[in-house]
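I opened this entry to keep track of what I looked up. The notes below follow the order in which I went.

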Amino acid sequence: MGTKRRAAVAALTVIGAVLGPLGAASAATLVASTFTANADGWSVLGDSAAPATWVSSGGHPGGFIQVDDTVSGGVMYWVAPAKLLGDQSAAYSGRLRFDLRQSDLSSQFDADDVVVEGGGLTLVYDTAANPGTTFTRYSVPLTPVGWHKATLAGPRPSVAEVKTVLASITSLRIRAEFRTGADTDAIDTVVMTAPPETSITSGPAHNSTTADSTPTFTFASSEPTGARFQCRIFPGIPASGVFTACDSGTFTAAPLADGLYTFQVRTLGASGVDPTPVVRRFTVDAP
Ligand SMILES: [Ca+2]
Ligand SMILES: [Ca+2]
């Protein structure tokens with residue numbers, strides 16, 4: 001991001017405060033670095049004089065790592081340890097979350113913010129705003145949205161390409177520095193999540209027949225807090241129609257003519273979007 005977007009940092013920080021309690025303890029967490037006791041295997045790339053330093057407190061929360069840019073190399077990146085690499089297929093449609101902080105908001109420059117390599121592909125991501133001087137939380141979707149192939153000017157990857165990368169990650173880098181000249185940069189609470197799962201808790205059973213022309217479904221999510229939902233209902237089997245918000249956890253169909261219908265609901269949450277909406281197919285046969 002360029003300097004022109006720095007005004008958005010304040011808004012992002014507010015989001016970070018709201019999401020903060022979800023931290024690394026979410027049920028959807030696949031792997032996390034919280035830097036509670038050490039640097040957790042993270043290293044720094046791009047400045048020849050820059051080792052990562054573990055700091056025991058003052059992070060977001062607790063321990064974190066930081067690095068001083070001595071301006072003796074290229075753009076500095078945090079380099080993820082092995083536990084965030086390899087087969088992370090379960091993270092598809094989940095999120096990569098992390099907290100960043102920089103020491104000075106002047107002289108900002110643009111560069112790839114997240115770089116993931118795997119399966120012969122390189123994907124790069126451009127975050128919406130650079131970090132502030134307090135920890136700023138990022139939540140990057142592990143879907144094609146917002147990603148580019150090879151460079152920020154490259155095309156959007158396909159779903160299959162994102163899945164290919166996630167199946168065999170060989171490198172994961174998160175940008176550490178955002179300004180030209182010297183700076184001190186920090187990272188904390190790196191979390192890779194699986195997407196939420198959605199379940200239907202009441203309503204017509206799958207492949208059942210109901211006399212109710214306005215059936216009601218209720219549903220739940222694996223997302224521990226703050227889950228939102230999207231629902232759709234359409235005639236027949238081939239998927240059609242748009243998902244609309246049904247955040248209350250209940251959906252009642254408008255009056256349906258006799259026939260076969262499909263109901264779908266999915267979760268949107270801090271850990272991502274459920275990529276496999278739960279399905280109930282049912283037949284209305286009203287008296
Ligand atoms: Ca921490
Ligand atoms: Ca710098």
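Which residues of the largest nonpolar core touch the most other members? I found Trp-42 and Trp-78, in a core of 36 residues. A nonpolar core here is a set of buried Ala, Val, Leu, Ile, Met, Phe, Trp, Tyr and Cys residues joined through side-chain atoms within 4.5 Å. Buried means under 20% relative accessible area, exposed over 50%, partly exposed in between (1.4 Å probe, protein chains only). I listed the elements that give two or more residues to this core; among them are strand S4 (62-69), strand S6 (95-102), helix H2 (159-167) and strand S12 (183-193). Helices (H or I, at least four residues) and strands (E, at least two) are DSSP runs, numbered from the N terminus. I also noted a second, separate core of 14 residues, including Phe-219 and Phe-263.

On the source: this is a predicted model, in which local features need pLDDT of at least 70 and side-chain atom pairs count only at pLDDT 80 or more, while totals for chains, interfaces and linings use all residues. Residues are numbered from 1 along each chain as its sequence is written, chains are lettered from A and ligands numbered from 1 in the order in which they are written, and side-chain values use heavy atoms, with hydrogens and water left out.

Overall figures next. I read two helices and 21 strands in the chain. Of its 287 residues, 45% count as buried. The C-alpha atoms fill a box of roughly 80 × 35 × 35 Å along the principal axes.

Then the domains. The assignment, automatic or from a database, gives domain 1 (3-193) and domain 2 (198-284). Their C-alpha centres lie 35 Å apart. Twelve residues from domain 1 and eight from domain 2 make the contact (heavy atoms within 4.5 Å). The two domains bury about 690 Å² between them, 57% of it on carbon and sulfur atoms. Buried area is the accessible area (1.4 Å probe) that two parts lose on being put together, summed over both.

Donors are N, O and S atoms within 2.8 Å of the metal (3.2 Å for Na, K and Ca); water is not among the atoms, so sites may look incomplete. Pro-61 is exposed at 63%, whereas Gly-63 is buried at 3%. For ligand 2, I listed Asp-69 (OD), Glu-177 (OE), Arg-179 (O), Gly-181 (O) and Asp-183 (OD), at 2.1 to 2.4 Å. Its donor spacing is D-x107-E-x1-R-x1-G-x1-D.

Last, salt bridges: a side-chain nitrogen of Lys or Arg within 4 Å of a carboxyl oxygen of Asp or Glu. The structure holds six. Arg-137 and Asp-99 meet at 2.7 Å, N to O. This pair joins strand S9 to strand S6, 38 residues apart. Arg-137 is buried at 5%, and Asp-99 at 0%. Arg-179 pairs with Asp-104, with the closest N and O atoms 3.8 Å apart. Both sit in loops, Arg-179 between S11 and S12 and Asp-104 between S6 and S7. Arg-179 is buried at 11%, while Asp-104 is partly exposed at 29%. Asp-113 and Arg-175 meet at 3.0 Å. Asp-113 is buried at 2%, and Arg-175 at 0%.
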